[in-house]
Amino acid sequence: MAALFRGSRNLLQRCNKQHVDLVLVSSRSMASKTPVGFIGLGNMGSPMAKNLLKHGYPVIATDVFPESCKELQDEGAQILDSPAEVADKADRIITMLPSSPNVIEVYTGPNGILKKVKKGTLLIDSSTIDPSVSKEMALAAEKMGAVFMDAPVSGGVGAASLAKLTFMVGGVEEEYTAAQELLTCMGANVVYCGQVGTGQAAKICNNMLLAIGMIGTAETMNLGIRLGLDPKLLAQILNMSSGRCWSSDSYNPVPGVMEGVPSGNNYQGGFGTTLMAKDLGLAQHTATNTKTPVPLGSLAHQIYRVMCARGYANKDFSSVFQFLREQEEEPEKKGD
């Protein structure tokens, strides 16, 4: 009888322990679905925030342009008036902003995140900015007891919509898992790069190569067309040969060669020429600071700056093909 009693007591203890374990797991699961703040609902930020909603995360958002918030609000997000209000309601916040000054304002301005941020809050900035600004924001956040990580993205609007972005993450390694939980809802690849600022460094390097590759693809396609080659045939040949690159096989700049890319929609949508010029400016600045020769990167920067001044600022960066075609027409007009 005593043995039976001891067996029953052990069984009861095991059942109680399992119940406690289940409660802990359940509470952690519930905690992981606590609200996520999202600031910056432009071409990239809006689809990223939508993917968080699709994964069951309540989203609390704001944008300097109220009209940018309506679509997300219709899908269930709570919209507030300022970054400070978002920080008051959420302890995990993602920002997706156009430039370094925007990031500084959103984090440290009069209505910025750091005015109301809670201790322990995880701040993830997916903007593409100067690595030195990321480091400044990390120090400012640390003084308030928060953690800042830079996590710029690659992939463009299409990848943002399909949750196939690549995130390049810089920051405290111990916080990487917490950031990864959210970033995997919005991207197919999440890569830890090192300390704060290294994510931005990786992104700047990637975009410099992207710009150089796009200009090269546009020049090549234009030359082939002038030599009498069918653009679709030329693209096919390039993409089975050593000249193949992302700009030729996934984002071809020639209208009519590919469907579902900006060149097939009068270069609307996608990644704007202004933003590419900005990123190349960041590459140029960091190259100067590190005494790194980047002759092709510098030339690409000049080309995209000229494009911005020639009416291409709001068009996709692949419109460099159209820009080159325009350049060849000008001498002919002068000759007339």
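A salt bridge is counted here when a side-chain nitrogen of Lys or Arg lies within 4 Å of a carboxyl oxygen of Asp or Glu. This is a predicted model, in which local features need pLDDT of at least 70 and side-chain atom pairs count only at pLDDT 80 or more, while totals for chains, interfaces and linings use all residues. Residues are numbered from 1 along each chain as its sequence is written, and side-chain values use heavy atoms, with hydrogens and water left out.

By the salt-bridge rule the count is 5. Side chains of opposite charge can pair when their charged atoms come close. One of the bridges joins the side chains of Asp 249 and Arg 244, at 2.8 Å from N to O. Asp 249 is partly exposed at 23% relative accessibility; buried means under 20% relative accessible area, exposed over 50%, and partly exposed in between (1.4 Å probe, protein chains only).

Another bridge pairs Lys 50 with Glu 71, whose closest N and O atoms are 2.4 Å apart. It links distant parts of the chain, with Lys 50 in helix α2 (residues 45-54) and Glu 71 in helix α3 (residues 70-74), 21 residues apart. Helices (H or I, at least four residues) and strands (E, at least two) are DSSP runs, numbered from the N terminus. Lys 50 counts as buried at 16% relative accessibility, whereas Glu 71 is partly exposed at 45%.

Arg 92 and Glu 181 also form a salt bridge, with 3.4 Å between the closest N and O atoms. Here the partners are 89 residues apart: Arg 92 belongs to strand β4 (residues 92-95) and Glu 181 to helix α8. Arg 92 is buried, at 10% relative accessibility, and Glu 181 is partly exposed, at 28%.

Helix α8 covers residues 176-183, and its buried residues include Tyr 176, Ala 179, Leu 182 and Leu 183. These four lie on the same side of α8 because they cover an arc of only 125° around the axis, the arc being that of the directions from the helix axis to the C-beta atoms. An α-helix has 3.6 residues a turn, so residues three or four places apart point the same way.

α6 gives the most, with 4 residues. The lining comprises Lys 135, Ala 138, Leu 139, Glu 142, Ala 146, Val 147, Phe 148, Val 172, Gln 195 and Val 196. By type, the lining divides into 7 nonpolar, 1 polar and 2 charged residues.

Two loop residues remain. Tyr 267 has a positive phi of about 60° although it is not a glycine. Tyr 267 sits in the loop between α11 (246-249) and α12 (273-289), and is buried, with a relative accessible area of 2%. Lys 291, also not a glycine, has a positive phi of about 55°. Its loop lies between α12 and α13 (295-312), and Lys 291 is exposed at 74% relative accessibility.

Notes
On a 1 Å grid over the protein atoms alone, a cavity is a set of points where a 1.4 Å probe fits but cannot get out, and a pocket is an open set with protein on both sides within 12 Å along at least five of seven lines; lining residues have an atom within 4 Å of a point. Ala, Val, Leu, Ile, Met, Phe, Trp, Tyr, Cys and Pro count as nonpolar, Asp, Glu, Lys and Arg as charged, and the others, Gly among them, as polar.
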